[in-house]
Amino acid sequence: MYDVIIIGAGVTGCAVARELARRERSVAVLERGLDVCEGTSKANSGIVHAGHDAHPGTWKARFNVEGSLLMEELSKELDFPYRRNTSLVIGFDEEDRRTLEGLLAQGLENGVKGLELWDGSRVREKEPQLSDAVTCALYCPTGGIVDPFLLTVALAENACVGGVSFFFGEEVTELCRAGEGFVLKTARGGSYETRAVVNAAGVYADVFHNMVSEDKVHITPRKGEYLLMDKKTTGFVNATIFQCPTKMGKGILVTPTVHGNLLLGPTSEDIADKENTETTAAGLEEVLAKAGLSAKELPVRQVITSFTGLRAHSDNGDFIVGEAADCPGFFDAAGIESPGLTSAPAIGRYLAERINERFPAPEKTDFIAVRKGIPCMADADPEERKRLVAENPLYANVVCRCELVTEGEIVEAIRRPVGAKTLDGIKRRVRAGMGRCQAGFCTPKQMEILARELGVEEEAIVKSGPGARLLTGYTKSNIS
Ligand SMILES: Cc1cc2nc3c(=O)[nH]c(=O)nc-3n(C[C@H](O)[C@H](O)[C@H](O)COP(=O)(O)OP(=O)(O)OC[C@H]3O[C@@H](n4cnc5c(N)ncnc54)[C@H](O)[C@@H]3O)c2cc1C
């Protein structure tokens, strides 16, 4: 019997887990993937939104602004990459200017600090690469960028060190009331009892909500396709460049990532299939065409990969957060579309407070709120590199040449609490395979290290989920 079970180890579930770990209680996270950050949290823009976009009075507005304020401190506590690079919402004509004035007023009402309306020449002074057609912009000094993988991993690691149990490959298929609590059943036969449930299942959160509440909700997967460019594009733009929002979202952006890549996207298309993360020629053409309106001479030859994320869009367009009115002990974090990454630290705190009210538990005296990231050879200065190699010679063995990732870092990624068990898990923790060749060269070596560290055969190594095996056997194994 757990005190709390969280369904889903995305950024929301992990943020809630970390906050719950501060008290004396048993907490488990059930995740159908083999790792944390396997849903929408792995496929988004990585923007810490300033908070001008959400309508005042909504959960989105509240958690966006609170989360944005919490992010810098959190990045220091948990040692993940975050940078306040500022953002610009650009406009091309009078209608856009009126939209920007509306966003400015909305931002002020939401409590966003430092917003200013700029004219086209001031915008181009800051960002020379922007189109000559830009006539105005909303400048947002509190806008930032974050590594969405490491934010999620850091929250999970810290929660795990704080006593939270993570169960992977556990797809919850049934949830029902049992006395005062709940029973959850999983696809591979697991059965878990708990006093409280946190529903952080991303695009599937409506399924779980509707299993226990009569107040039905509906989530539409809203697809967003992206193009990611090589680090050679570092400095193309420094701020995050948005176009004016539409009813389908914040539009196509041009932004640096926190690691110096350039990211273009996302599109916005409502679909029916909650698993459809394919990219399409039409979607990627749209990304290039619309991003090309914002910036001159897009470095299109530097594209290294494309990907798709699914926004969990609720019918009323707002987050659904809190205890279900007709099901005490069931707490939703549903409909968490953008700005969900930004909002996660604030949603985590809010839900933990509500759970503490209903199920009081003493605060732990020994909770460790800080976590140190994995040392990064690529960013280390020569002295630091020498020190790392002296401590662990595996830090001298470069595995991923594009991103300069060593065997020492990969081993550390695997051995950490809630460590990597897949190639994608390594990639998201230490960037091996994230560079120009997209793991073309280093995959075999990474598989060898994973197999060695996990104590399994190389054939058992997967890219991400259980079906994503890379080897089916050895070419000459049938020769007698
Ligand atoms: C295109 C796009 C761009 C975005 N850009 C931004 C941005 O720049 N800034 C920002 O703040 N936000 C952004 N967002 C929103 C942000 O990415 C999400 O709000 C956030 O990642 C949601 O996290 P989550 O943990 O709620 O959901 P998820 O990350 O989807 O996690 C849900 C987890 O539940 C698991 N799960 C599902 N069903 C089951 C089951 N039956 N049993 C067990 N586990 C299950 C899944 O495997 C998954 O790991 C964007 C989203 C998209 C799609």
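## The second largest pocket

How many nonpolar, polar and charged residues does the lining of the second largest pocket have? By class, the lining has 12 nonpolar, two polar and nine charged residues. The structure is a predicted model, and this pocket is one of the spaces found in it, with a volume of about 560 Å³.

In total, 23 residues line the second largest pocket. Those nearest its centre are Pro-81, Leu-150, Ile-374, Cys-376 and Asp-379.

## The ligand and its shell

Several elements contribute to the shell.

The side chain of Thr-12 has an N or O atom 2.7 Å from an oxygen atom of the ligand. At Arg-32 the backbone is involved: one of its N or O atoms lies 3.1 Å from a nitrogen atom of the ligand. At Leu-341, a polar backbone atom is 3.1 Å from an oxygen atom of the ligand. On its own, the ligand has 1000 Å² of accessible area, and the protein covers 97% of this.

## Strand S12 and its partners

Strands of a sheet pair through backbone hydrogen bonds, and the pairing is either parallel or antiparallel. Strand S12 (residues 191-199) takes part in pairings of both kinds. With strand S1 (residues 2-7), S12 pairs in the parallel sense over five bridges. One of the bridge pairs is Ile-6 with Val-198 of S12. S12 also runs parallel to strand S20 (residues 330-334), and three bridges join them. Here Val-198 has Phe-331 of S20 as its bridge partner.

The pairing of S12 with strand S11 (residues 181-186) is antiparallel and has four bridges. Val-183 stands opposite Glu-193 of S12. S11 and S12 form a hairpin with four residues between the strands, and in this hairpin Gly-189 takes a positive phi near 95°.

## Strands S19 and S20

S20 also pairs with strand S19 (residues 320-323), where the two run antiparallel and are joined by four bridges. Ile-320 has Ala-334 of S20 as its bridge partner. These strands form a hairpin as well, with six residues between them. In its turn, Gly-329 has a positive phi of about 95°.

## A sheet of three strands

Another part of the model is an open sheet of three strands in the order S3-S8-S4, with antiparallel pairing. Strand S3 (47-48) and strand S4 (82-83) stand at the edges and have a single partner strand each, so one side of each is left without a neighbour in the sheet.

The pairing of S3 with strand S8 (residues 144-146) has two bridges and is antiparallel. Ile-47 has Ile-145 of S8 as its bridge partner.

## The cavity

How many cavities of 30 Å³ or more are counted? The count comes to one. About 60 Å³ of space lies in the largest cavity.

Its lining includes His-49, Gly-51, His-52 and Asp-53, as well as Phe-242, Gln-243, Pro-245 and Lys-250. Val-89 and Leu-103 also belong to the lining. By class, the lining of the largest cavity has four nonpolar, four polar and two charged residues.

## Exceptions in the backbone

Most residues other than glycine have a negative phi, and most peptide bonds are trans. Glu-297 is an exception in phi: its value is positive, near 50°, in a residue other than glycine. Glu-297 is found in the loop between helix H7 (281-294) and S18.

There are also cis peptide bonds. One joins Gly-265 and Pro-266, with omega about -5°. Pro-266 is found in the loop between strand S16 (262-265) and strand S17 (269-270). Another cis peptide bond joins Ser-338 and Pro-339, with omega about 10°. Pro-339 lies in the loop between S20 and H8.

Technical notes: Residues numbered from 1 in each chain as written. Predicted model: local features only at pLDDT ≥ 70, side-chain atom pairs only at ≥ 80, totals over all residues. Heavy atoms only, no water. Pairing = 2+ DSSP bridges. Polar contact = N/O pair within 3.5 Å; in protein donor to acceptor, adjacent residues only side chain to side chain. Areas by Shrake-Rupley, 256 points an atom, 1.4 Å probe, with all protein chains shown as cover. 1 Å grid on protein atoms, 1.4 Å probe; cavity = no way out; pocket = protein on both sides within 12 Å on 5 of 7 lines; lining within 4 Å. Points joined across faces, edges and corners; volume = space filled by probe spheres on them. Nonpolar A, V, L, I, M, F, W, Y, C, P; charged D, E, K, R; others polar.
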